[in-house]
Amino acid sequence: MAKHLVLVGGGHAHMVTLANLHKFVEKGHKVTVIGPSPYHYYSGMGPGMLAKVYAPEDIRFATKHVVEKQGGTFIIGKAVQADPKTKTVFLESGETVPYDVLSFNVGSYVPKNIIQGDNTGVLSKKGVVFGGRRAFKIKDYIDRKFMNKFQQIEKK
Ligand SMILES: Cc1cc2nc3c(=O)[nH]c(=O)nc-3n(C[C@H](O)[C@H](O)[C@H](O)COP(=O)(O)OP(=O)(O)OC[C@H]3O[C@@H](n4cnc5c(N)ncnc54)[C@H](O)[C@@H]3O)c2cc1C
């Protein structure tokens, strides 16, 4: 009997499943992938992007495209809850997605409120990478701050 496989998150842990998604579809199953962006940015290449060795387009994986070209459905959204009794995933938008089989791999994030004291100007690496092109603006900001600091030290 055909089942509905739902993958929440289109990142590293789901990569192999995403590459083989067509195999589920060919067997008559439905596959839905949920993620906040059509792309997944590879954090390992984040430093290279911030150094402007790579453009944001070079370090990302086209999750939505890969899913759709294999016959899957990609939903742009964020899962906020799952109910195993009714086999339903709830999205931030209010949308609900029923599933037979569910896989959650949504990575990690750095909650800013755990930083004690003044957290102005503190950026999480993950946030920077996920920011894509916005990361360049952040990098320019950091460069300016460092430059000002170095100039102040040199004057002393
Ligand atoms: C700098 C750095 C270096 C690392 N180096 C290594 C290494 O060398 N070797 C190693 O094994 N591991 C390494 N890791 C750890 C590895 O990246 C993680 O263990 C892995 O990415 C987790 O896989 P994941 O698919 O759960 O998360 P991710 O690959 O982070 O993917 C999560 C995806 O889910 C999406 N998402 C987030 N929240 C939601 C939501 N609510 N609803 C829907 N989608 C959501 C995100 O947008 C993202 O696309 C490193 C991590 C970092 C930060």
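This is a predicted model: local features need pLDDT of at least 70, side-chain atom pairs count only at pLDDT 80 or more; totals for chains, interfaces and linings use all residues.

Two strands count as paired if DSSP finds at least two bridges between them.

**Overall make-up**
- The protein holds six helices and nine strands.
- Its chain has 156 residues, and 18% of them count as buried.
- Taking contacts between residues at least 6 apart in sequence, 59% link residues at least 24 apart.

**The open sheet**
- Three strands make up an open sheet, ordered β6-β7-β8, with antiparallel pairing.
- β6 and β8 are the edge strands, since each of them pairs on one side only.
- On average, neighbouring strands of this sheet are turned by 20 degrees against each other, direction ignored.

**β6 with β7**
- Strand β6 (residues 79-83) runs antiparallel to strand β7 (residues 88-91), and four bridges join the two.
- Ala79 has Leu91 in β7 as its bridge partner, while Ala82 is partnered by Val89 in β7.
- The two strands form a hairpin with four residues between them.
- In that turn, Lys87 has a positive phi of about 55 degrees.

**β7 with β8**
- A hairpin is also formed by β7 and β8, with four residues between them.
- Gly94, in the turn of this hairpin, has a positive phi of about 100 degrees.
- Across this pair, Val89 finds its bridge partner in Val97 of β8.
- Val89 therefore has bridge partners in both neighbouring strands: Ala82 and Val97, under a pairing criterion based on DSSP bridges.

**The nonpolar core**
- The largest nonpolar core has 14 residues, and those touching the most other members are Val6, Val8, Val33, Ile34, Val89 and Val97.
- At least two residues of this core come from each of β1 (4-8), α2 (21-26), β2 (30-35) and α4 (63-69).

**A closer look at Val97**
- Which residues does Val97 contact, leaving aside its neighbours within four places in sequence?
- They are Val6, Thr32, Ile34, Ile75, Thr88, Val89 and Leu91.

Definitions and conventions. Residues are numbered from 1 along each chain as its sequence is written. A residue is buried if 20 or more other C-beta atoms lie within 10 Å of its own, exposed if 12 or fewer, and partly exposed in between; C-beta atoms are placed from the backbone. Two residues are in contact if their C-beta atoms, placed from the backbone, lie within 7 Å. A nonpolar core is a set of buried Ala, Val, Leu, Ile, Met, Phe, Trp, Tyr and Cys residues joined through C-beta atoms within 7 Å. Axes are lines fitted to C-alpha atoms, for helices over the stretch in contact, and angles run from 0 to 180 degrees between N-to-C directions.
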